[in-house]
Amino acid sequence: MAQRTKDSDRARQADQATHQARHAEHGNFLAQGDPITVDVRAEIARLKTEPAWASGDRHGVSLVKGDGINVALMLLKKGAKLQEHHTKAPITVHLLEGRINFIAGGKPHLLTAGMVLALDRAIAHSIESLENSALILTVGGEQI
């Protein structure tokens, strides 16, 4: 399992490098002054064609990074689990596809497509994907 994880990490890093080369505007951040637009459906489709998705239980990419904000697209296969952790800034999770169990402060929250959950900084949380899912995670605030 450890070797599979290492292979998945290498594939994810290669995919991210390829993505950055194709979408250089995402690497320029918001400080460049130009708006950043992203076709989220196209990004979901693209991520599903990459080796990191085929070999692992999750795959994702930062869509926008800037001073105090990170907007990431994350795909989770059914059964994928993100272990309990916390962030230094408030977050929102917007579930685009699928169904997840988001556990915050020990309480489960069932999210289905179209739902948004907001959580303050420093609150322990974890995720279990109940079916193949796609979500937008936004981390923002002055303490990123």
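**A tour of the sheet and its cores**

Start with the aromatic rings: this structure has zero aromatic pairs. Keep in mind that the model is predicted.

Select Trp53 and Lys77. The charged end of Lys77 sits over the ring of Trp53, 4.9 Å from its centre.

Now show the strands. Five of them form an open sheet, in the order β1-β2-β9-β4-β7, with antiparallel pairing. Look at β1 (58-66) and β7, the edge strands, where each pairs on one side only. From one strand to the next, the twist averages 15°.

Zoom in on β1 and β2. Eight bridges join these antiparallel strands. Pick Lys65: its bridge partner in β2 is Asn70. Next, select helix α3 (residues 40-47). Helix α3 packs on the sheet and touches β1, β2, β4 and β9. Its direction makes about 140° with that of β1.

Four bridges join β4 (residues 91-97) to β7, and the two run antiparallel. Thr92 has Ala118 of β7 as its bridge partner. Which side chains of β7 (residues 116-119) are buried? Leu117 and Leu119 are, and they point to one face.

Finish inside. In soluble globular proteins, nonpolar side chains tend to be buried together. The largest nonpolar core here has 17 residues; Leu76, Val93, Ile100, Phe102, Leu111 and Leu135 touch the most other members. β2 (69-76), β4, β5 (99-104), β7 and β9 (133-140) each give two or more residues to this core. Apart from it lies another core, of 13 residues, including Leu47, Leu63, Leu73 and Ala134.

Terms used: Residues are numbered from 1 along each chain as its sequence is written. This is a predicted model: local features need pLDDT of at least 70, side-chain atom pairs count only at pLDDT 80 or more; totals for chains, interfaces and linings use all residues. Side-chain values use heavy atoms; hydrogens and water are left out. Rings of Phe, Tyr and Trp (its six-membered ring) pair if their centres lie within 6.5 Å; planes under 30 degrees apart count as stacked, over 60 as edge-to-face and the rest as tilted. A charge sits over a ring if NZ of Lys or CZ of Arg is within 6 Å of the ring centre and within 35 degrees of the ring normal. Buried means under 20% relative accessible area, exposed over 50%, partly exposed in between (1.4 Å probe, protein chains only). Two strands pair if DSSP finds at least two bridges between them. A nonpolar core is a set of buried Ala, Val, Leu, Ile, Met, Phe, Trp, Tyr and Cys residues joined through side-chain atoms within 4.5 Å. Axes are lines fitted to C-alpha atoms, for helices over the stretch in contact, and angles run from 0 to 180 degrees between N-to-C directions. Contact means heavy atoms within 4.5 Å.
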